[in-house]
Amino acid sequence: MTKIAKFYIEDVFEITGRGLAFAGRIVDGVVSIGNQVEFNLNNSCRRREIIGIEGIRHSNPEKINIGLLVKCSSKEEINELKDSKKDLSIIDIYNERLKLNELIKWLSTKSIEHKILFNELLLSDLTVMNRAIWSDESTDDNSKIESLKWSNELSHRIWNIIFDLKRNEGNESENKLGENINFYAKQSKELAAHLSAITNSTVNRFYHQVEKITTPQHGV
(Lines give C-alpha, C1' and ligand atoms only; values in the text may rest on other atoms or scores of the structure.)
Protein backbone atom coordinates (compact mmCIF):
# COMPACT_ATOMS: atom_id res chain seq x y z
CA MET A 1 0.00 0.00 0.00
CA THR A 2 1.24 3.51 -0.85
CA LYS A 3 0.51 6.46 1.42
CA ILE A 4 -0.82 9.28 -0.76
CA ALA A 5 -2.56 11.80 1.49
CA LYS A 6 -3.46 13.07 4.94
CA PHE A 7 -6.96 14.10 5.96
CA TYR A 8 -7.98 16.26 8.93
CA ILE A 9 -11.27 15.13 10.49
CA GLU A 10 -13.53 17.76 11.99
CA ASP A 11 -16.70 15.70 12.30
CA VAL A 12 -17.95 12.12 11.97
CA PHE A 13 -21.58 11.37 11.18
CA GLU A 14 -23.86 8.84 9.51
CA ILE A 15 -25.64 9.44 6.22
CA THR A 16 -28.86 7.42 6.28
CA GLY A 17 -28.80 4.67 3.72
CA ARG A 18 -25.24 5.36 2.67
CA GLY A 19 -22.95 4.88 5.64
CA LEU A 20 -20.35 6.80 7.63
CA ALA A 21 -18.82 10.12 6.61
CA PHE A 22 -15.54 11.65 7.73
CA ALA A 23 -15.94 15.41 7.25
CA GLY A 24 -12.96 17.72 7.14
CA ARG A 25 -10.24 18.70 4.71
CA ILE A 26 -7.28 17.27 2.83
CA VAL A 27 -4.06 18.63 4.33
CA ASP A 28 -1.74 16.87 1.89
CA GLY A 29 -1.98 14.85 -1.31
CA VAL A 30 -4.88 13.74 -3.48
CA VAL A 31 -7.82 11.52 -2.50
CA SER A 32 -9.89 9.27 -4.80
CA ILE A 33 -12.73 6.79 -4.45
CA GLY A 34 -11.29 3.35 -3.78
CA ASN A 35 -8.46 4.66 -1.57
CA GLN A 36 -8.11 3.29 1.95
CA VAL A 37 -8.30 5.40 5.12
CA GLU A 38 -6.22 4.25 8.06
CA PHE A 39 -6.99 5.18 11.66
CA ASN A 40 -6.39 3.91 15.18
CA LEU A 41 -9.38 3.26 17.39
CA ASN A 42 -9.66 1.39 20.67
CA ASN A 43 -6.09 0.08 20.40
CA SER A 44 -6.56 -1.31 16.90
CA CYS A 45 -5.36 -0.05 13.52
CA ARG A 46 -8.09 -0.18 10.89
CA ARG A 47 -8.24 0.38 7.15
CA ARG A 48 -11.51 1.06 5.41
CA GLU A 49 -12.35 1.83 1.78
CA ILE A 50 -13.48 5.27 0.60
CA ILE A 51 -16.68 4.65 -1.37
CA GLY A 52 -17.70 8.26 -1.98
CA ILE A 53 -16.33 11.84 -1.94
CA GLU A 54 -18.54 14.90 -1.69
CA GLY A 55 -17.91 18.61 -1.40
CA ILE A 56 -19.44 20.33 1.61
CA ARG A 57 -20.30 24.02 1.46
CA HIS A 58 -19.51 26.15 4.49
CA SER A 59 -19.64 29.90 5.10
CA ASN A 60 -16.08 29.75 6.44
CA PRO A 61 -13.68 28.36 3.77
CA GLU A 62 -11.25 27.30 6.51
CA LYS A 63 -13.82 24.88 7.90
CA ILE A 64 -15.13 21.55 6.62
CA ASN A 65 -14.93 21.38 2.82
CA ILE A 66 -15.06 17.68 1.93
CA GLY A 67 -16.74 14.52 3.11
CA LEU A 68 -15.30 11.01 2.72
CA LEU A 69 -17.92 8.28 2.72
CA VAL A 70 -16.28 5.25 4.33
CA LYS A 71 -17.30 1.61 4.04
CA CYS A 72 -17.72 0.17 7.55
CA SER A 73 -17.94 -3.46 8.54
CA SER A 74 -21.19 -3.12 10.52
CA LYS A 75 -23.74 -0.79 12.07
CA GLU A 76 -21.92 -1.32 15.35
CA GLU A 77 -18.69 0.04 13.86
CA ILE A 78 -20.53 3.10 12.54
CA ASN A 79 -21.87 3.83 16.02
CA GLU A 80 -18.45 3.18 17.53
CA LEU A 81 -16.82 5.71 15.22
CA LYS A 82 -19.52 8.30 15.80
CA ASP A 83 -19.09 7.93 19.56
CA SER A 84 -15.29 8.12 19.31
CA LYS A 85 -14.95 11.04 16.88
CA LYS A 86 -13.12 13.10 19.49
CA ASP A 87 -10.30 10.54 19.29
CA LEU A 88 -9.95 10.93 15.52
CA SER A 89 -7.97 13.82 14.05
CA ILE A 90 -5.48 13.41 11.19
CA ILE A 91 -5.76 10.13 9.30
CA ASP A 92 -3.58 8.65 6.57
CA ILE A 93 -4.94 7.66 3.17
CA TYR A 94 -3.47 4.86 1.05
CA ASN A 95 -3.74 3.51 -2.46
CA GLU A 96 -3.07 -0.07 -3.51
CA ARG A 97 -0.62 1.09 -6.15
CA LEU A 98 -0.38 4.49 -7.84
CA LYS A 99 -0.74 4.57 -11.60
CA LEU A 100 1.50 7.02 -13.42
CA ASN A 101 -1.25 9.62 -13.98
CA GLU A 102 -2.17 9.41 -10.28
CA LEU A 103 1.48 9.83 -9.30
CA ILE A 104 1.79 12.99 -11.40
CA LYS A 105 -1.45 14.39 -10.01
CA TRP A 106 -0.19 13.66 -6.48
CA LEU A 107 3.18 15.28 -7.16
CA SER A 108 1.51 18.41 -8.60
CA THR A 109 0.14 19.20 -5.11
CA LYS A 110 3.63 19.43 -3.61
CA SER A 111 5.84 22.46 -2.98
CA ILE A 112 9.05 22.98 -4.97
CA GLU A 113 11.09 21.75 -2.00
CA HIS A 114 9.05 18.58 -1.77
CA LYS A 115 9.22 18.01 -5.52
CA ILE A 116 13.01 18.23 -5.27
CA LEU A 117 13.00 15.80 -2.35
CA PHE A 118 10.82 13.31 -4.25
CA ASN A 119 13.04 13.39 -7.33
CA GLU A 120 16.18 12.98 -5.23
CA LEU A 121 14.65 9.98 -3.46
CA LEU A 122 13.59 8.55 -6.82
CA LEU A 123 17.18 8.81 -8.06
CA SER A 124 18.47 6.85 -5.09
CA ASP A 125 15.71 4.25 -5.54
CA LEU A 126 16.69 3.83 -9.19
CA THR A 127 20.14 2.77 -8.00
CA VAL A 128 18.54 0.06 -5.84
CA MET A 129 16.30 -0.88 -8.77
CA ASN A 130 19.29 -1.26 -11.09
CA ARG A 131 20.89 -3.71 -8.69
CA ALA A 132 17.66 -5.70 -8.60
CA ILE A 133 17.52 -5.78 -12.40
CA TRP A 134 21.09 -7.05 -12.68
CA SER A 135 20.49 -9.68 -9.99
CA ASP A 136 17.34 -11.05 -11.64
CA GLU A 137 18.25 -14.59 -12.67
CA SER A 138 15.08 -14.94 -14.76
CA THR A 139 16.26 -12.25 -17.22
CA ASP A 140 19.00 -12.74 -19.80
CA ASP A 141 22.04 -10.46 -19.83
CA ASN A 142 21.09 -8.64 -23.03
CA SER A 143 17.71 -7.66 -21.58
CA LYS A 144 19.39 -6.55 -18.36
CA ILE A 145 21.86 -4.35 -20.23
CA GLU A 146 19.04 -2.84 -22.30
CA SER A 147 17.05 -2.08 -19.14
CA LEU A 148 20.03 -0.50 -17.40
CA LYS A 149 20.81 1.62 -20.46
CA TRP A 150 17.34 3.18 -20.43
CA SER A 151 17.37 3.48 -16.65
CA ASN A 152 20.58 5.48 -16.90
CA GLU A 153 18.98 7.79 -19.46
CA LEU A 154 15.99 8.29 -17.15
CA SER A 155 18.35 9.18 -14.30
CA HIS A 156 19.90 11.94 -16.42
CA ARG A 157 16.45 13.35 -17.14
CA ILE A 158 15.59 13.36 -13.45
CA TRP A 159 18.83 15.19 -12.65
CA ASN A 160 17.83 17.85 -15.19
CA ILE A 161 14.40 18.19 -13.55
CA ILE A 162 16.05 18.67 -10.15
CA PHE A 163 18.40 21.34 -11.53
CA ASP A 164 15.45 23.17 -13.11
CA LEU A 165 13.50 23.04 -9.83
CA LYS A 166 16.45 24.42 -7.88
CA ARG A 167 16.71 27.29 -10.38
CA ASN A 168 12.95 27.90 -10.07
CA GLU A 169 12.60 26.84 -13.69
CA GLY A 170 10.71 23.64 -13.00
CA ASN A 171 7.32 24.61 -14.41
CA GLU A 172 5.25 21.45 -14.85
CA SER A 173 8.20 19.38 -13.63
CA GLU A 174 5.83 16.60 -12.61
CA ASN A 175 4.52 16.37 -16.19
CA LYS A 176 8.08 16.18 -17.52
CA LEU A 177 8.84 13.42 -15.04
CA GLY A 178 5.72 11.52 -16.08
CA GLU A 179 6.56 11.86 -19.77
CA ASN A 180 10.08 10.54 -19.19
CA ILE A 181 8.98 7.61 -17.04
CA ASN A 182 6.35 6.71 -19.64
CA PHE A 183 8.84 6.96 -22.52
CA TYR A 184 11.62 4.90 -20.96
CA ALA A 185 9.22 2.30 -19.59
CA LYS A 186 8.13 1.64 -23.17
CA GLN A 187 11.72 0.89 -24.20
CA SER A 188 12.03 -2.16 -21.96
CA LYS A 189 9.33 -4.37 -20.44
CA GLU A 190 11.74 -5.39 -17.65
CA LEU A 191 12.37 -1.74 -16.80
CA ALA A 192 8.63 -0.98 -16.92
CA ALA A 193 7.85 -3.65 -14.33
CA HIS A 194 10.54 -2.41 -11.96
CA LEU A 195 9.62 1.26 -12.41
CA SER A 196 6.03 0.60 -11.39
CA ALA A 197 7.16 -0.83 -8.06
CA ILE A 198 9.97 1.63 -7.39
CA THR A 199 7.91 4.80 -7.88
CA ASN A 200 5.38 3.59 -5.32
CA SER A 201 8.21 2.78 -2.94
CA THR A 202 9.55 6.32 -3.42
CA VAL A 203 6.19 7.83 -2.45
CA ASN A 204 6.29 5.86 0.81
CA ARG A 205 9.88 6.93 1.46
CA PHE A 206 8.88 10.53 0.74
CA TYR A 207 6.23 10.52 3.47
CA HIS A 208 8.57 8.80 5.90
CA GLN A 209 11.24 11.42 5.23
CA VAL A 210 8.84 14.39 5.49
CA GLU A 211 7.38 13.10 8.75
CA LYS A 212 10.89 12.53 10.10
CA ILE A 213 11.80 16.14 9.29
CA THR A 214 8.61 17.69 10.70
CA THR A 215 8.31 15.57 13.86
CA PRO A 216 10.09 17.22 16.81
CA GLN A 217 13.04 15.21 18.09
CA HIS A 218 13.23 15.07 21.87
CA GLY A 219 16.69 14.98 23.34
CA VAL A 220 17.71 13.16 26.50
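This is a predicted model: local features need pLDDT of at least 70, side-chain atom pairs count only at pLDDT 80 or more; totals for chains, interfaces and linings use all residues.

Biologist: Let's start with the strands. Which strands does E6 pair with?

Modeller: Here's the general idea: in a regular strand the side chains alternate between the two faces of the sheet. In this case, E6 covers residues 90-95. Strand E1 (residues 2-15) runs antiparallel to E6, joined by 6 bridges, and Thr-2 stands opposite Asn-95 there. Strand E3 (residues 36-41) is also antiparallel to E6, with 3 bridges between them; Val-37 faces Ile-93 across that pairing.

Biologist: How many residues of E6 are buried?

Modeller: 5 of its 6, so the strand is mostly covered, where buried means under 20% relative accessible area.

Biologist: Now the aromatics. How many aromatic pairs are there?

Modeller: A pair of aromatic rings is described by the distance of the centres and the angle of the planes. The structure holds 8 such pairs. Take Trp-150 and Tyr-184: their centres are 5.9 Å apart with 40 degrees between the planes, which is a tilted pair. Trp-150 belongs to helix H4 (residues 141-166) and Tyr-184 to helix H5 (residues 173-185), so this pair ties together parts 34 residues apart in sequence.

Biologist: Are those two residues buried or exposed?

Modeller: Trp-150 and Tyr-184 are both buried. Elsewhere, Trp-106, Phe-118, Phe-206 and Tyr-207 make up one aromatic cluster.

Biologist: And which charged residues sit over rings?

Modeller: Among them is Arg-47, whose charged end sits over the ring of Tyr-94, 4.0 Å from its centre. Lys-144 lies over the face of Trp-134, 5.5 Å from the ring centre.

Biologist: Last one: what lines the largest pocket?

Modeller: That pocket holds about 160 Å³ of space. Its lining includes Arg-97, Leu-103, Ile-181, Ala-192 and Asn-200. Helix H2 (100-107), H5 and helix H6 (189-214) each supply at least two lining residues, and H6 gives the most, with 5 residues.

Notes: Residues are numbered from 1 along each chain as its sequence is written. Side-chain values use heavy atoms; hydrogens and water are left out. Buried means under 20% relative accessible area, exposed over 50%, partly exposed in between (1.4 Å probe, protein chains only). Helices (H or I, at least four residues) and strands (E, at least two) are DSSP runs, numbered from the N terminus. Two strands pair if DSSP finds at least two bridges between them. Rings of Phe, Tyr and Trp (its six-membered ring) pair if their centres lie within 6.5 Å; planes under 30 degrees apart count as stacked, over 60 as edge-to-face and the rest as tilted. A charge sits over a ring if NZ of Lys or CZ of Arg is within 6 Å of the ring centre and within 35 degrees of the ring normal. On a 1 Å grid over the protein atoms alone, a cavity is a set of points where a 1.4 Å probe fits but cannot get out, and a pocket is an open set with protein on both sides within 12 Å along at least five of seven lines; lining residues have an atom within 4 Å of a point. Grid points are joined across faces, edges and corners, and a volume is the space filled by probe spheres set on the points.
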